[in-house]
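Welcome, and please open your viewer. We will go from stop to stop, with something to select at each one.

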Amino acid sequence: MTETYVTDPLTRLHRAPIRPSTVRSTYRLQLRPDALTFGDARAIAEYLQQLGISHLYLSPILTAAHGSTHGYDVTDPTTVSAALGGPAGLKALSDEVRSRGMGLIVDLVPNHVGVGDPQQNPWWWDVLRLGRKSPYARYFDIDWSPSNGAGGRLALPVLQNENDPAALTVDRSGPEPMLALHDLRFPIAPGTDGDNALRIHDRQHYRLVSWKAGVCTYRRFFAVNSLAAVRQEDPEVFEATHRELAAWCEHDLIDGVRVDHPDGLAYPSAYLTRLRRLIGPKRLLLVEKILANREPLDATLPIDGTTGYDALADVGGVLIDPAGEPALTELSQQVAGHGSDRAWFGETEHRIKRAVAETILAPEIRRLVAAIKRDGNAGSFDTLAVSNATIEVLAFMPVYRVDYAPLAGMTAAVVAEVEKRNAELTAPLSVLVTALAVGGEAATRFNQVCGAITAKAVEDTMFYQGARLVSLQEVGGNPARFGHSVNDFHLSNSERAQRWPATMTALSTHDTKRGEDVRARIGVLSQVAELWSERVRGWLETTPAPDGATALFLLQNMFGVWPADGRPASSVPGLRDRLHLFAEKSIREAGTKTSWEEPDAQFESAVHAWLDAVIDGPVGTGIGDLAHELAPHAWSDAVSQKLLQLCAPGIPDIYQGTEVWEDSLVDPDNRRPVNFAVRAGMLQSLTDTPTLDTTGAAKMWVVAYALWLRRERPECFVGGMYRPFYAVGEHAHRLVAYGRGPAGESPEVIVAATRHSVGLAATGWTDTTLPLPEGTWTDRLTGNTYSGTVRLDTLFTRLPVALLVR
C-alpha cells in the first residue's frame with residue numbers, strides 16, 4: 001500500500017498507516033504495578049502510534065518481588081506478573097498494539113532471580129529447605145564444598161549486626177514452622193524442629209551470616225546479595241526459565257527480546273544460540289552488551305545488535321568541544337586533586353578493580369581461585385600468590401569478558417604485560433594459564449568475575465570519582481577520551497549501517513547515570529570551559545565544600561538539572577530532595593569519603609549541609625544565571641543529538657518521557673512516573689514549528705517528524721545506506737550531516753545538526769554552506785525547500801537542526 005504524506009502534523013496523526021510490525025523504532029516503558037501496568041500501556045498505545053513508534057519495549061514482565069518498580073528481581077520466571085495484569089493483560093496489550101500495526105519487545109532477565117525475601121521465590125525456598133536434595137539446587141550456582149566458609153552450608157548474608165542472631169525466633173503461625181528474623185522468614189528442614197531458634201538454625205542447609213563478613217556461597221548479580229544467579233547452561237534450567245517466552249512466541253505476542261546482562265552467564269554465545277532457536281530467525285534479538293573503548297561486537301553471535309550504549313557514546317561525543325579539555329583538566333586538578341584525564345582514569349581503574357576484587361567480590365575471587373588451583377593441578381600452590389596474580393590480570397583486563405571471538409589473544413597480551421611489570425608473579429601466572437588452557441570451570445568463572453569487577457569498578461565507582469566533565473562518565477563511555485571528531489562519528493555510523501543495521505541506538509535508559517538532556521547541557525560546558533572554571537572557583541570561595549572532588553562532581557550535575565529559566569531550584573517541587581538523594585548515592589558509590597558498607601555520617605551530613613547552602617545561597621543564584629544564559633545552547637545540543645540518533649543506522653529507542661525535555665538523574669530518579677496525558681495533549685497541539693523554549697515542544701516536534709519519516713520511508717533507515725556530508729566555510733566544523741537512503745542508492749534524506757553552537761553566538765554561520773545533491777529538498781521540520789548549495793544561516797533559521805527529504 002502506498003501512503004501519501006503531507007506536512008500538516010495533525011493530518012499525519014490521523015492517517016498513520018497500518019503496516020506489519022517490522023521494528024522501526026521502540027519506546028521504552030518502565031512498567032510498575034503502582035504506575036504503569038499492561039492496562040496503562042494499552043491506554044497510551046494510541047498516543048505512541050501517533051508519535052510514530054512502531055514497537056513498545058517493555059521492562060521485565062515476569063513475576064518480580066512485591067512492589068518492585070523495575071522488575072529485574074524476578075522471583076518466579078514461570079509466570080507473568082499478576083501485579084502488571086497477568087497473562088490476560090499481556091495478551092490484551094499485544095492485541096491492542098497489533099491492531100495498530102505495532103508490536104512488542106520484551107526485556108528478558110536470564111542471569112539471576114530475586115531472593116531477598118525467600119518466601120517469594122519458590123525455587124529458592126525449596127533449596128533452603130532441602131539443600132542439595134532439592135530438585136532446584138542445580139538451578140543455582142552454589143558452592144556446597146566443606147571449605148566454602150560456611151561449613152558446606154549455603155551462606156545467606158542477611159544479618160545486619162552482631163546482635164541479629166539473638167533476634168531469631170520460630171514462627172509457628174502458619175501450616176509449617178519457619179525461622180523468623182525481623183520481617184524475613186526461612187524454612188525449617190524436615191525433622192529439624194523442636195528446639196530453640198539458634199539450635200534449629202544450626203541444623204539447616206543454610207547459615208545466616210553478616211552481610212559484611214565477605215562470605216557468600218552462591219553466585220550473585222555483581223555484589224547484590226538479593227539477586228542469585230541461575231545456571232542457564234543447564235538445559236533444564238533454560239527450559240524452565242524460558243517456558244513463558246516460548247509461549248509468547250508460539251502465540252505471536254511479541255516481536256523481539258532484549259537480553260539483560262548476558263555477560264554474567266557461563267557461556268553467553270551458547271545461550272544466545274539456544275535463545276535464537278527458541279524465538280526464531282525473524283524476531284529481533286538484542287543484548288545488553290557494554291562494549292569497551294574500540295571493542296567490536298562479536299559478529300558470530302546470532303543477534304541483531306546491542307541495546308545502544310555504543311551509539312550513545314558516539315552521538316554524545318561528537319557534540320563535545322575538544323577545545324575545552326585543557327581548562328577543564330586544569331580545573332579538576334586544582335579542585336579535585338587530579339585531572340580526571342587519560343592517565344588518571346587508567347591508574348584509577350586498575351586500583352579500584354583490585355580493591356573491588358579484594359572486598360565486595362572477595363567471595364567470587366575465592367571460588368575462582370579454588371577452581372584455578374583445581375584446573376591448574378596446583379593444589380599445593382600458595383593460594384595467596386594465585387589470588388594476587390589472578391586479581392592483577394583481571395584488574396588490567398580492558399573488556400567485560402574476553403571469551404568473545406574478536407578478542408582472541410587478549411588474555412595472552414594482558415598476562416604478558418602483568419608478568420613484565422612483576423616478574424615475581426611468573427610462577428602463579430603459570431597456574432592461572434594452565435587452568436585457563438583447560439577451558440573448564442576456572443575459565444568460565446574467570447570471565448564471569450571479569451565482568452562483575454569491571455562493572456563495579458568502572459560504572460559504579462570510578463564514574464562517580466571523575467570530575468572533569470561528568471557527561472562523559474556514562475555507561476559504555478570512555479571519559480578519558482574527550483569527545484569524538486566528526487570523521488570518527490561518520491565512520492562509526494557507517495560501520496553500524498553495514499554490520500549491525502538493526503542494532504538498537506539509545507540516548508537514555510534505566511541504567512544511564514543521567515538523562516540525555518542533562519548530559520547535553522553539561523556537555524555545553526566543554527564550549528565554555530574557561531567561564532565555567534572561573535565560576536566554580538568563585539563559588540567554592542563563596543561556599544566552601546567539604547570535599548573538592550565531590551563539589552566539582554555535584555556542581556556539574558546541579559547545573560545539568562537546574563531550571564532552564566534560571567529560577568531557584570527550591571521553586572521546583574521535589575528537586576531539592578532529588579538532589580540530596582543523588583548526592584548521597586554519588587558519594588557512597590565513589591567510596592572515597594563514605595560508602596554503602598561504611599557510611600561516614602559526619603561527612604555525609606556536611607555534604608547535605610553544603611548542598612542546601614548552594615541551593616539557597618548565592619551559588620544557586622549563579623548556577624541559575626548560567627543555566628539560563630546557556631539554555632539555548634543546551635537545547636541546541638539536545639535536539640541535535642536526538643535527531644542524529646533517530647535517523648542514524650540502527651533502531652532508535654526512546655526512553656519513556658524523553659520526547660520532551662527531561663531532567664532525570666541516575667536511578668531511581670529516571671524511573672519516576674511519566675505524565676503521558678500532558679505529552680499526548682502537546683502532540684495534538686503542535687501546528688507549526690515551535691521555538692526552543694522551556695516547554696519541550698521543539699523536541700517533540702523533531703521526534704515526531706523523524707519517526708513519521710521512518711514510517712513513511714523505512715527502506716531509507718534500517719538496512720539503508722549511510723553517507724557523510726560536509727559543510728564548506730568558516731564554521732564548517734560546527735555541522736554534523738549525513739544522508740540516508742535505500743541500500744545501494746542515492747540519499748533521499750539528509751540530516752543536518754548544529755554542534756558547538758556557543759561559537760556561533762557572536763557571528764552566526766557567516767558564509768558557511770552545505771552543498772546538496774541534485775534535486776529539490778524539503779525540510780520536514782519547517783516546510784522550507786532548498787536546492788543546490790544552501791547557506792546554513794538560512795537552513796537553521798527556525799531550529800538548529802534540519803530533516804531534508806528529496
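Start with the sheet. Eight strands form an open sheet, and their order is β16-β15-β14-β5-β2-β1-β18-β17, with parallel pairing. Here β16 and β17 stand at the edges with a single partner strand each, so one side of each has no neighbour in the sheet. Strands (E, at least two residues) and helices (H or I, at least four) are DSSP runs, numbered from the N terminus. Two strands pair if DSSP finds at least two bridges between them.

A word on what you are viewing: this is a predicted model, in which local features need pLDDT of at least 70 and side-chain atom pairs count only at pLDDT 80 or more, while totals for chains, interfaces and linings use all residues. Residues are numbered from 1 along each chain as its sequence is written, and side-chain values use heavy atoms, with hydrogens and water left out.

**Stop 1: strand β15**

Select residues 284-287, which make up β15. In a regular strand the side chains alternate between the two faces of the sheet. Buried means under 20% relative accessible area, exposed means over 50%, and partly exposed lies in between (1.4 Å probe, protein chains only).

Look for R258 opposite L286, and for V259, whose bridge partner in β15 is V287. To get from β14 to β15, the chain passes through helix α8 (residues 268-279), making a right-handed β-α-β crossover. Right-handed means that, with the strands pointing away from the viewer, the path from the first strand over the helix to the second runs clockwise.

Next, select β16, residues 305-306: two bridges join this strand to β15, again in parallel. T306 in β16 stands opposite V287.

**Stop 2**

Select residues 441-459 for helix α16, whose 19 residues reach 27 Å from first C-alpha to last, close to the 27 Å expected at 1.5 Å a residue. The expected span is 1.5 Å times one less than the number of residues. Because 18 of its 19 residues are buried, α16 is largely enclosed by the rest of the structure.

Move on to helix α17, residues 486-499, where the end C-alpha atoms are 20 Å apart, in agreement with the 20 Å that 14 residues should span. Its buried residues include F489, H490 and R496. Which elements cover them? Among them are α9 (309-318), β17 (504-505), α23 (618-647), β19 (721-725) and β20 (735-741).

**Stop 3: the nonpolar cores**

Select L29, L51, L56, L58, W248 and L803, which touch the most other members of the largest nonpolar core, a set of 149 residues. Helix α25 (residues 697-712) gives this core its largest share, 12 residues. A nonpolar core is a set of buried Ala, Val, Leu, Ile, Met, Phe, Trp, Tyr and Cys residues joined through side-chain atoms within 4.5 Å.

Zoom in on L51: leaving aside neighbours within four places in sequence, its contacts include Y27, E659, M700 and W708. Contact means heavy atoms within 4.5 Å. Then select A336, A467, A529 and W532, which belong to a second, separate core of 53 residues.

**Stop 4: backbone details in loops**

Most residues other than glycine have a negative phi, and most peptide bonds are trans. Find P668 in the loop between β18 (651-655) and α24 (676-685). The peptide bond from D667 to P668 is cis, with omega near 5°.

The loop between β21 (749-754) and β22 (769-771) holds H756, and T766 lies in the loop between β21 and β22 as well. Phi is positive in H756, near 55°, and in T766, near 50°. H756 counts as buried at 4% relative accessibility, whereas T766, at 25%, counts as partly exposed.

**Last stop: the whole protein**

Zoom out to see 26 helices and 26 strands. The C-alpha atoms fill a box of roughly 85 × 60 × 50 Å along the principal axes. Of the 806 residues, 62% count as buried.
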